[in-house]
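Dear colleague,

I am passing on the structure below for you to look over. My notes on what was found in it follow directly after.

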Amino acid sequence: MSDQSRVSILQYQALVGEVKAVGLEPRGGLSPAPEEATALGCRWLLLLGAVGGSVWPRFSVSPEALDGQSHPMNRWSTRVISGLAERLGARAFFPFGGPPYQPFLRWAQTAEGLSPSPIGMLIHPKHGLWHAYRGALGFAAVPQDWKASPPGPSPCNGCAARPCLSTCPVGAFSGSGYDVALCRNHLASGAGRDCLEGGCLARRACPIGQDLAYDPEQAEFHMQAFLQSGLTE
């Protein structure tokens with residue numbers, strides 16, 4: 001059976017099972033506009049990623065996590081998602097490796113109806129700020145049992161306190177943007193140990209999805225990656 005025919009009969013629920021089997025979470029699908037679909041070479045995208053610490057058990061014991069080389073999460077994502085794409089007759093896309101970069105933030109807002117939080121990260125109505133995108137699969141056909149996710153109101157709309165903006169110890173977040181250099185300098189200093197070892201205090205302050213917050217080992221991994229490379233993993 002050809003890849004094209006294999007994809008055309010693949011059902012969305014079957015895709016969900018394939019994605020979960022490799023330690024990732026399906027993060028919604030979307031049909032790109034015709035011009036973008038032509039450029040990408042596919043008619044439908046399935047975003048892949050993490051919810052809370054869902055990828056950590058699989059990633060933390062992977063060869064990439066243990067070999068001491070740089071960008072382990074990106075390399076793990078590349079291997080796992082590329083393998084999944086090959087098995088399913090799909091194309092693999094990633095939010096890293098550019099420039100140019102694929103528009104994952106725009107895709108995510110379409111796929112799951114997300115919206116930017118006051119600190120810039122996309123917020124999910126249930127997962128809060130504790131979710132991430134590791135890649136996407138592009139298919140030549142739309143699964144017959146897939147239904148688009150309707151957009152919904154941002155959970156930030158009813159949050160008058162906005163603790164995410166007031167909790168950062170150095171005021172790196174404001175209504176006008178994020179001071180990356182100020183944040184990195186704080187993490188590199190002794191005063192930033194709480195953020196470095198436990199995760200961003202502003203992110204932890206959001207009341208949505210707090211049960212999904214990273215455990216200390218995963219939180220420090222991501223913060224160290226940000227500090228050392230300037231890029232979050």
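S117 is buried, with a relative accessible area of 8%, where buried means under 20% relative accessible area, exposed over 50%, and partly exposed in between, using a 1.4 Å probe and protein chains only. The residue lies in the loop between strand 4 (115-116) and strand 5, helices (H or I, at least four residues) and strands (E, at least two) being DSSP runs numbered from the N terminus. Leaving aside neighbours within four places in sequence, S117 is in contact with I123, L129 and C156, contact being defined as heavy atoms within 4.5 Å.

Before going further, please note that this is a predicted model, in which local features need pLDDT of at least 70 and side-chain atom pairs count only at pLDDT 80 or more, while totals for chains, interfaces and linings use all residues. Residues are numbered from 1 along each chain as its sequence is written, and side-chain values use heavy atoms, with hydrogens and water left out.

S31, in the loop between strand 1 and helix 3, is partly exposed, with a relative accessible area of 40%. Not counting residues up to four places away in sequence, S31 touches R43, W44, V142 and W146, whereas its C-alpha is 19 Å in space from that of I81, a residue 50 places apart from it in sequence. S176, for its part, lies in the loop between strand 7 (173-174) and strand 8 (177-178) and is exposed, with a relative accessible area of 73%. S176 and I119 are 57 residues apart in sequence, and their C-alpha atoms are 9.1 Å apart in space.

Turning to the helices, F104, W107, A108, A111 and E112 are buried in helix 7 (residues 104-112). These residues lie on the same side of helix 7, because they cover an arc of only 100° around the axis, the arc being that of the directions from the helix axis to the C-beta atoms. The partners against which the buried residues of helix 7 pack are strand 1 (25-30), helix 3 (34-40), strand 2 (44-51), strand 3 (91-93), strand 5 (122-123) and strand 6 (131-139). After helix 7 comes G113, which has a positive phi, near 65°.

In helix 9, the buried residues are C183, H186 and L187, and they line one face of the helix, since seen down its axis they fall within an arc of 100°. An α-helix has 3.6 residues a turn, so residues three or four places apart point the same way. The face of helix 9 turned away from the buried side carries the exposed residues N185 and A188, while the buried residues pack against strand 8, helix 10 (193-198) and helix 12.

The cysteines deserve a separate word. With a disulfide taken as a pair of cysteine sulfur atoms within 2.5 Å, the count comes to 0 disulfides. C164 is in no disulfide, the nearest cysteine sulfur, that of C156, being 6.3 Å away, and C164 counts as buried at 8% relative accessibility.

A search of the whole structure finds 1 cavity of 30 Å³ or more; on a 1 Å grid over the protein atoms alone, a cavity is a set of points where a 1.4 Å probe fits but cannot get out, a pocket is an open set with protein on both sides within 12 Å along at least five of seven lines, and lining residues have an atom within 4 Å of a point. The largest cavity has a volume of about 70 Å³, a volume being the space filled by probe spheres set on the points, with grid points joined across faces, edges and corners. Among the residues that line the largest cavity are C183, H186, L187, C200 and M223. Helix 9 (180-188) and helix 11 (201-205) are the elements that give two or more residues to this lining, and the largest share, 3 residues, comes from helix 9. The lining of the largest cavity divides into 11 nonpolar, 1 polar and no charged residues, where Ala, Val, Leu, Ile, Met, Phe, Trp, Tyr, Cys and Pro count as nonpolar, Asp, Glu, Lys and Arg as charged, and the others, Gly among them, as polar.

Lastly, the second largest pocket holds about 180 Å³ of space, and of the 10 residues that line this pocket, P72, F221, Q224, A225 and Q228 are the closest to its centre. Helix 12 (residues 216-229) gives the most to the lining, with 6 residues.

With best wishes
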